[in-house]
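Notebook open, structure loaded. I want to go through pockets, cores and rings, and jot down what I look up.

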Amino acid sequence: GSQIISALQTIVSRKLDPVENGVVSVTEFITDGKKNILAGNGLIKGDARALSENTNKVIETNMRQIVKGICEAHGVSYKVTYKTTCPVTFNETSQAEFATKAAINLLGEKNIRKASLLVAQSVTFAIFVSIIVTLFGLNTSNFLLSVMGSDTESIILTRKYLDIIFYGTFIVMIQISLNGTLNAQGDTKSYRNVLIFSFFLNIFLNPLFIFGYGFIPAMGMKGIGVATIISQIIAFFILLVKIMKSSSLIGISIKNFFPNSFYLTKIFFQSTPISAALFMISIGNLIILWYISKFGEFATAGYGSATRFEQILLLPVLGLNTAIISIVAQNFGAKQFLRVKQSYFHAIFYGFTIMVLAGIIIYLSADNIVSIFTKNTDVIKYGSTYLKISALIFPAYPIYFISNGFFMAIKKSHYSM
């Protein structure tokens, strides 16, 4: 009997899958023996529990095999009775979700109302920022374009496009704000889908407004800006519908959009560090472009071609940056700090690996890449030289962008400065 009891304890540790839960307990061992008299009969009772029918069957099968093997080895007769009195309980999916949402509504109502207010205030903040960007762009475009080496004719043509874009900046800013809300809920797919949709819509609208058709007049360079703004407006309404259907943004009203100095200040100090860091990068690029323009138009064209391709390669890192903001913020708020650590280092590993591979490919094929955009040998020479140098620092990009996203997620964005 003691051998059987000991062997039964090995079922869970040796026979069950580690991810399956099961318990085997021996609770009674009764014999008919007396003092100085060996027992002729023994009764072993116990309890077995499992969270699936399959696990329950594994326990029963092994229990019968153990009893049979030990008893036959000792020439003892036996009988095994195994009864399943309580079947495994499974919660119906829809009812479980309903109960979860009910608990959230009861326990997190204040947080949801705060979230609704923050969403509204972020849109208000985006409108304020767009006004500043529009005024700045309209009044400094000529100067900035001249710094980049553009002549008067090029500036006039470029302004026809830029002015339209600057006037529509508020649409883009609000769209970015709505995307931030979706990211905070773990939804990174909606904005991706919107970007893809806007891309193909632009392909259709650009020639339509550039050359005109039917009642639509030919707008030339201005038509590119109009097509861009129209596609962004449509994308904005798609995101807006997605946001309004969100169950986590209940009770949002017009009064939530009235400027609230407390929340606007919080948003400002949360967004300013990363904005300042990106602004400094832009200033650095402008300074680089100014110096490059001193070497002539071929050098400028080569640099422009190379940076366009460089931006494409940075998209995976920017995607990881967006993902890390959402994942880390949610786990940090839930105090799941181990998950925060794992998410950050996994993102760094994936980003670093991708950029190392991309850097090797770019370094070895820089000439062929730039030749996609131009056949001019001088432009190819300048562009490939830049790409080869840039390829060496590719592995640093994921560390920079993902770390920025990490600090934003834990509300320490001032570290990124």
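**Pocket**

I started with the second largest pocket, which holds about 1,400 Å³ of space. The model is predicted, so to speak by its record: local features need pLDDT of at least 70, side-chain atom pairs count only at pLDDT 80 or more, and totals for chains, interfaces and linings use all residues. Residues are numbered from 1 along each chain as its sequence is written, and side-chain values use heavy atoms, with hydrogens and water left out.

For my own record, the pocket rule: on a 1 Å grid over the protein atoms alone, a pocket is an open set of points where a 1.4 Å probe fits, with protein on both sides within 12 Å along at least five of seven lines, and lining residues have an atom within 4 Å of a point. Grid points are joined across faces, edges and corners, and the volume is the space filled by probe spheres set on them.

Which residues are closest to the centre of the second largest pocket? I found Ile 44, Lys 45, Lys 79, Val 80 and Thr 81, out of 42 lining residues. By class, the lining has 21 nonpolar, 15 polar and six charged residues. Here Ala, Val, Leu, Ile, Met, Phe, Trp, Tyr, Cys and Pro count as nonpolar, Asp, Glu, Lys and Arg as charged, and the others, Gly among them, as polar.

Next I looked up the elements around this pocket. Helix H1 (2-8), strand S1 (22-31), strand S2 (42-50) and helix H3 (53-73) each supply at least two lining residues. S2 gives the largest share, nine residues. Helices (H or I, at least four residues) and strands (E, at least two) are DSSP runs, numbered from the N terminus.

Ser 52 sits in the loop between S2 and H3. Ser 52 counts as buried because its relative accessibility is 15%; the cut-offs are under 20% relative accessible area for buried, over 50% for exposed, and partly exposed in between (1.4 Å probe, protein chains only). Its C-alpha is 8.9 Å from that of Gly 22, 30 residues away along the chain.

Thr 55 is in helix H3 and is buried, at 2% relative accessible area. Leaving out residues up to four places away in sequence, Thr 55 touches Leu 16, Glu 20, Asn 21 and Ala 50. Contact here means heavy atoms within 4.5 Å.

**Whole chain**

I count on 16 helices and two strands in the protein chain. Of its 417 residues, 35% are buried. Among contacts with a separation of 6 or more, 69% are between residues 24 or more positions apart.

**Cores**

The largest nonpolar core has 17 residues, and Met 355, Ile 362, Leu 387 and Phe 394 touch the most other members. Such a core is a set of buried Ala, Val, Leu, Ile, Met, Phe, Trp, Tyr and Cys residues joined through side-chain atoms within 4.5 Å. Two or more residues of this core come from each of helices H11 (297-313), H13 (337-364), H14 (366-370), H15 (377-392) and H16 (396-409). Apart from this core lies another, of 13 residues, including Ile 4, Ile 11, Val 24 and Ile 59.

What does Ile 362 contact, neighbours within four places in sequence aside? I get Phe 309, Leu 313, Ile 369, Leu 387, Ala 391 and Phe 394.

Leu 387 lies in helix H15 and is buried, at 1% relative accessible area. With the neighbours within four places in sequence left aside, Leu 387 is in contact with Ala 306, Ile 362, Ala 366, Ile 369 and Val 370.

Ile 393 is in the loop between H15 and H16 and counts as partly exposed, at 44% relative accessibility.

**Rings**

I got 12 aromatic pairs, where rings of Phe, Tyr and Trp (its six-membered ring) pair if their centres lie within 6.5 Å, with planes under 30 degrees apart stacked, over 60 edge-to-face and the rest tilted. Tyr 303 and Tyr 386 are edge-to-face because their planes are at 75°, with centres 5.1 Å apart. Tyr 303 is in H11 and Tyr 386 in H15, so this pair ties together parts 83 residues apart in sequence.

Tyr 397 and Phe 401 form a tilted pair, 6.4 Å centre to centre and 35° between the planes. Both lie in helix H16, and both are buried.
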